[in-house]
Amino acid sequence: MNFDEIEEQDGIRFTWNAWPSSRVEATKAVVPIACLYTPLKERDDFIDNPIWYEPVTCKAPCRAILNPYCQIDVRGKLWICPFCLQRNSFPPHYTNLSTTNLPPELLPKYTTIEYNLNRVAQIPPIFLYVVDTCLDDDDLKALKDALVVSLSLLPPYAWVGLITFGTMAQVHELGFGDCPKSFVFRGTKDYSAKQVQDMLGLTGSTVRPGQPSQRPGQPPQTNMAANRFLLPVKDCEFVLTSILENMQRDPWPVAVDKRPQRCTGVATSVAVGLLETTFPNTGARIMLFGGGPATEGPGAVVSNELREPIRSHNDIEKESAKHYKKAVKFYESLAKRAATNGHTIDIFAGCLDQIGVLEMKAMVNHTGGFMVLADAFNTAIFKQSFQRVFQKDIQGHLQMGFNATLDVQTTRELKVCGLIGHATSANKRSTYVGETEIGIGNTSAWKICSLTNKTTHGIYFEVVNQPTVPLQPGSRGLIQFVTHYQHASGQYRLRVTTVARNFVDGQSMEVANSFDQETAAVLMSRIAVFKGEIDDGPDVLRWLDRMLIRLCQRFADYRKDDPHSFRLADNFSIYPQFMFHLRRSQFLQAFNNSPDETAFYRHVLNRENVDNALIMIQPTLTSYGFDSPPQPVLLDSVSIKPDAILLLDTFFHILIFHGETIAQWREAGYQNQDGYENFKELLEAPVLDAQELLIDRFPIPRYIVCDHGGSQARFLYSKLNPSTTHASASPYGTPAATAIFTDDVSLQVFMEHLKKLSVAASS
């Protein structure tokens, strides 16, 4: 079974591709049946041959959608639903149906299909910029320039608004071009949604979905009050550009020993209040640009006294971070309000210190927003990542879907345990919901406020069939994923993926042969990170170790109490290695990362597909030398050689490391002399390859060039398997390869312990 081909067609990969036929057998398989699903995976045929009709659905309460796994009776014009086994008639316009003339949804290549529904959103997508003005002049100028450029990247029909904040929050009026005019909110006061509406004069101006609509794209007539603050780009580009260009640094004086007074909480709260009043249940993004921590009002994460440092992991563990719980509660309530109305919140941080992303993460994670951490707004990481948000597809539409719901349906042998990813529960307690809860559970549908063509969700299932009720040989389990979303063009679309896998006897080799170790490693890492948010770090590591030992006991070949006899099949062989690197990774080890960075890394892991997530868990290392073409090498300290250049890709960092000899030659300037062209080419090769890696990466990774013994080489050393450390002696007193100063165990020691514990008769 080619996992990549299935991923190309359906955007889905499962941990197991043949499923144990009973609950007991599925539990023994240790790794749950789960999948990574990219609902909006790009497919050229959907653009070349779009489908402009409504889907055919089964009778209520099933409502499953017609798919290639349905049995059809061409003569009787009937189809049998594989989920509830009801018979359904085809609608009248399917009269020409025959075995040679089938509609696309019954063809095998359309196990994933996208319907263009004949409904258009009343309002095109809305972008509300919430901009911090407590910045240095250079940074403020860079941010203003980036925002002005972004107006030209937005489609002209998109709506846009602006809120700026410092000590006060200001909502700018865009519908009044004669002179700049704004409504000011006090930064220390917690405003309720009702107060925001009254102060902005928005009462009684709501657009409700389902009202008799005017022509698509025309602003609703009732909504004139909101038109002061939110307008189509083409109508307000001039006014908004002049407001942005004249935007000044926050005028409030800041003493030398104080932080600026920054009311991030109030500004975000006003933004949520403005959108939920005027455009509930419509695709919208609140884009928050923060240049420092919130220091006043609701949502403050630190006081404005510089002598009080911002909280660390240690403070949170000891519960001595006094603002932490209150701020988390405040931002979680905002996240809930935004998610209910289908509005997304993005955070772009431009600050060397933390800005409180840890407290604010719920706003991004619950609404499917973007999170970008940069040292300042004038860095390439921010500028390029921000521009990448507005990438367009072939037809010139933004590559994002808005205000989506994902609905999952299963055949009766399976139940849904939950989802781990950027979504909130739609609280749909259908018959498909299982007892076990993994991630966001107790529901078979989730609300996803924003999606891109790369957003990937982890969805977990359980087998509920009892061993006393054996399944027919050759029976299949089916799962249907239905994603309803607003396309960037305003068109509503429905993406349907139906997958089937065989049920097999739990003891048979088919289960083991169907294991996809890469997908399993990523889905287990999502569970580990989810647990890491709630439990202590050591507990999560113990859980990971326990699961790995149980998996090896179940699927490895060995003789009891004989570690040397331990063998893993090819499709399990690198799984332990992934777990070794995951245990050491920044996702589970808080050491050397700030709480904001930990929140950021975990956010990105929960959004990416198998390939990208694996690079984060186990980075790739490529070696460039004179005597061989570039080749992948082990992520190990033995790969560091004096006459080689290494290219490390951790997804968040791209690092070029020059060995000792290479660095000396480069310093001596050999590459500029005649006769050393091959050395010049060697130096350039990794740089060109690094550029290729940057092409479609989001957010833009940090680019590091360093030499053996340089301080930045620590980024490489921290990722390598320490097979040679300061403590490993070679016969001549010094280790043969570069010694890594660490007390961590190496992969070799880890594997020895794993073998011992797996084969032990007592465990």
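1. An open sheet of three strands comes in the order 4-5-6, and its pairing is antiparallel. Strands here are DSSP runs of E with at least two residues, helices are runs of H or I with at least four residues, and both are numbered from the N terminus. Two strands count as paired if DSSP finds at least two bridges between them. Strand 4 (71–73) and strand 6 (87–89) are the edges, each with a single partner strand, so one side of each has no neighbour in the sheet. From one strand to the next the twist averages 25 degrees; axes are lines fitted to C-alpha atoms, and angles run from 0 to 180 degrees between N-to-C directions. Three bridges link strand 4 to strand 5 (residues 78–80) in the antiparallel sense. Isoleucine 72 has tryptophan 79 in strand 5 as its bridge partner.

2. A note on the source: this is a predicted model, in which local features need pLDDT of at least 70, side-chain atom pairs count only at pLDDT 80 or more, and totals for chains, interfaces and linings use all residues. Residues are numbered from 1 along each chain as its sequence is written, and side-chain values use heavy atoms, with hydrogens and water left out.

3. Strand 14 (residues 343–350) and strand 15 (residues 371–374) run parallel and are joined by four bridges. Glycine 350 has alanine 374 in strand 15 as its bridge partner. With helix 10 (residues 357–365), strands 14 and 15 form a right-handed β-α-β unit. Right-handed means that, with the strands pointing away from the viewer, the path from the first strand over the helix to the second runs clockwise.

4. The model has 35 salt bridges, each defined as a side-chain nitrogen of Lys or Arg within 4 Å of a carboxyl oxygen of Asp or Glu. Glutamate 319 and lysine 325 form one at 3.6 Å, N to O, and both residues are exposed. Exposed means over 50% relative accessible area, buried under 20%, and partly exposed in between (1.4 Å probe, protein chains only). In the salt bridge between arginine 607 and glutamate 608, the closest N and O atoms are 3.1 Å apart; both of these residues are buried.

5. Lysine 428 is in the loop between strand 18 (424–425) and strand 19 (445–451), and aspartate 407 is in strand 16 (residues 401–410), so the pair ties together parts 21 residues apart in sequence. Lysine 428 is partly exposed at 34% relative accessible area, and aspartate 407 is partly exposed at 26%.

6. The largest nonpolar core has 142 residues, of which Trp16, Phe461, Phe481 and Tyr575 touch the most other members. Such a core is a set of buried Ala, Val, Leu, Ile, Met, Phe, Trp, Tyr and Cys residues joined through side-chain atoms within 4.5 Å. Helix 14 (residues 537–555) gives the largest share, 10 residues. A second, separate core has 39 residues, including Phe127, Val160, Leu244 and Phe698.

7. Valine 529 belongs to helix 13 (residues 517–534) and is buried, at 1% relative accessibility. Apart from neighbours within four places in sequence, valine 529 is in contact with Phe587, Leu588, Arg602, Leu605 and Asn606, where contact means heavy atoms within 4.5 Å. Valine 529 and arginine 602 are 73 residues apart in sequence, and their C-alpha atoms are 6.8 Å apart.
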